[in-house]
Amino acid sequence: MEYVILIIVIAVLAVVTGGWLLFVRPRRGRGATAAPGQPPAAPQAPPPAPSGGGEEAATAATQAPAPATATGVLDLERPPPSAGRMVRLRARLARSQSGLGSALLGLLSRDRLDDETWDEIEEVLITADVGVAPARLMVDDLRTKVKVLGVRGPAEVRGLLRAELLGQLGEDTDRSLRTAPHGGLPAVVLMVGVNGTGKTTTCGKLARALIGDGHTVLLGAADTFRAAAADQLQTWGERVGAQTVRADREGADPASVAFEAVSEGIEQGVDVVVVDTAGRLHTKVGLMDELGKVKRVVEKKTPVDEVLLVLDATTGQNGLRQARVFAEVVDVTGVVLTKLDGTAKGGIVIAVQRELGVPVKLVGLGEGPDDLAPFDPGAFVDAILG
């Protein structure tokens, strides 16, 4: 009887122990199988490796990688090519500039062009921010041509005015952006300007345009005084798959960030590195000197191919004063005029080119992501004349 009771006790213990192993142990084991009808549990990721000191860690902290697309984390946008954008956006220019064209055509079409009429024409040009000296030059040219040719018909007057405006704008001027890689190095575009001109936005739009044209682009957020600027630039880059190199703290040395961006661009073999600099007052000598330092430091790695000065077209003659100071600090190679669709003073295009001796290469014609266009003198004049 005692043996029977012992056997029963052992059997009960075996059942209890087996049940515990069946229901408890699989839940704790690494290779536990899922319950019927449930997906297998994802393996736990290993803990992150401790970050070490030194240059590699600092570099990693400043690089914001472009979003992965193979897994569909973020659908990248496909920007349209930049060719023909200004022609497509001409209607926006016409809405703001047609007043200038109609005023000039009306005055030139008068039966009698006396001194008073020519003074009115000059006044219209000056009011449109053409500038005093260019306005007088245009009036003198027009007076001579009208006297020699004796033009009076609307079509003749329009053709005469169109030719004069194109001549002042420099129809044959080379306005191409130097964005082709050279000698195994990427082209470097440095964007400069004062606060509020839309400089960071212009960097983002330029990156979109370049990618739409088939280039690979890396962005450098060297505006380290505003964290929002780096965030904004990174957002622009993420939309089109462009990596952004930025500082890991606010107030870092802008020159070092620009240098790191160019170094990373060389390592990755991208076509173009676009560097956004901090907006600075043209009256602040220290800030302007710092901008010169950014350019010098970058050029220790590779030449700067383009220095684009971003000007707000609505600021008129004040923008020219800003332009003069920037041109003294860095060799400006081209001008970007933003908000050109928001002003009736399109003559600023003529004035700024005459002041700096460099062409307007890009114009902003709206707030949309693809509203940055290569400047086309013909489309611009046609928009003015209607």
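Reader: Which hand does the crossing of helix 13 and helix 14 have?

Author: The crossing of helix 13 and helix 14 is right-handed. Keep in mind that this is a predicted model.

Reader: What describes two packed helices?

Author: Two things: the angle between their axes and the distance between the axes. Now the case here. Helix 13 covers residues 317-329, and helix 14 covers residues 348-356. Their axes come within 10 Å and cross at roughly 30 degrees. Angles under 35 degrees count as roughly parallel. Helix 13 and helix 14 are therefore roughly parallel to each other.

Reader: Which residues of helix 13 and helix 14 meet?

Author: From helix 13, take L320, A323, R324 and A327. From helix 14, take I348, A351, V352, E355 and L356. Sort this contact by class: seven residues are nonpolar, none is polar and two are charged.

Reader: At what angle do helix 8 and helix 15 cross?

Author: Roughly 140 degrees, with axes that come within 10 Å. Helix 8 is residues 154-169, and helix 15 is residues 377-385. That angle makes helix 8 oblique to helix 15. The crossing of these two helices is right-handed.

Reader: Which residues meet there, in helix 8 and helix 15?

Author: Helix 8 brings R158, L161, R162, L165, L166 and L169. Helix 15 brings P377, G378, F380, V381, D382 and L385. The contact of helix 8 with helix 15 has eight nonpolar, one polar and three charged residues.

Reader: How do the axes of helix 8 and helix 14 cross?

Author: They come within 9 Å and cross at roughly 35 degrees. L165, Q168 and L169 of helix 8 make the contact with V349, I350 and Q353 of helix 14. Four of the residues in this contact are nonpolar, two are polar and none is charged.

Reader: Now rings. What describes a pair of aromatic rings?

Author: The distance of the centres and the angle of the planes. The count in this structure is one aromatic pair.

Reader: What sits over the ring of W236?

Author: The charged end of R239, 5.3 Å from the centre of that ring.

Terms used. Residues are numbered from 1 along each chain as its sequence is written. This is a predicted model: local features need pLDDT of at least 70, side-chain atom pairs count only at pLDDT 80 or more; totals for chains, interfaces and linings use all residues. Side-chain values use heavy atoms; hydrogens and water are left out. Rings of Phe, Tyr and Trp (its six-membered ring) pair if their centres lie within 6.5 Å; planes under 30 degrees apart count as stacked, over 60 as edge-to-face and the rest as tilted. A charge sits over a ring if NZ of Lys or CZ of Arg is within 6 Å of the ring centre and within 35 degrees of the ring normal. Axes are lines fitted to C-alpha atoms, for helices over the stretch in contact, and angles run from 0 to 180 degrees between N-to-C directions. Helices (H or I, at least four residues) and strands (E, at least two) are DSSP runs, numbered from the N terminus. Angles under 35 degrees count as roughly parallel, over 145 as roughly antiparallel, 65 to 115 as roughly perpendicular and the rest as oblique. A crossing is left-handed if the near helix is turned anticlockwise from the far one by less than a right angle, and right-handed if clockwise. Contact means heavy atoms within 4.5 Å. Ala, Val, Leu, Ile, Met, Phe, Trp, Tyr, Cys and Pro count as nonpolar, Asp, Glu, Lys and Arg as charged, and the others, Gly among them, as polar.
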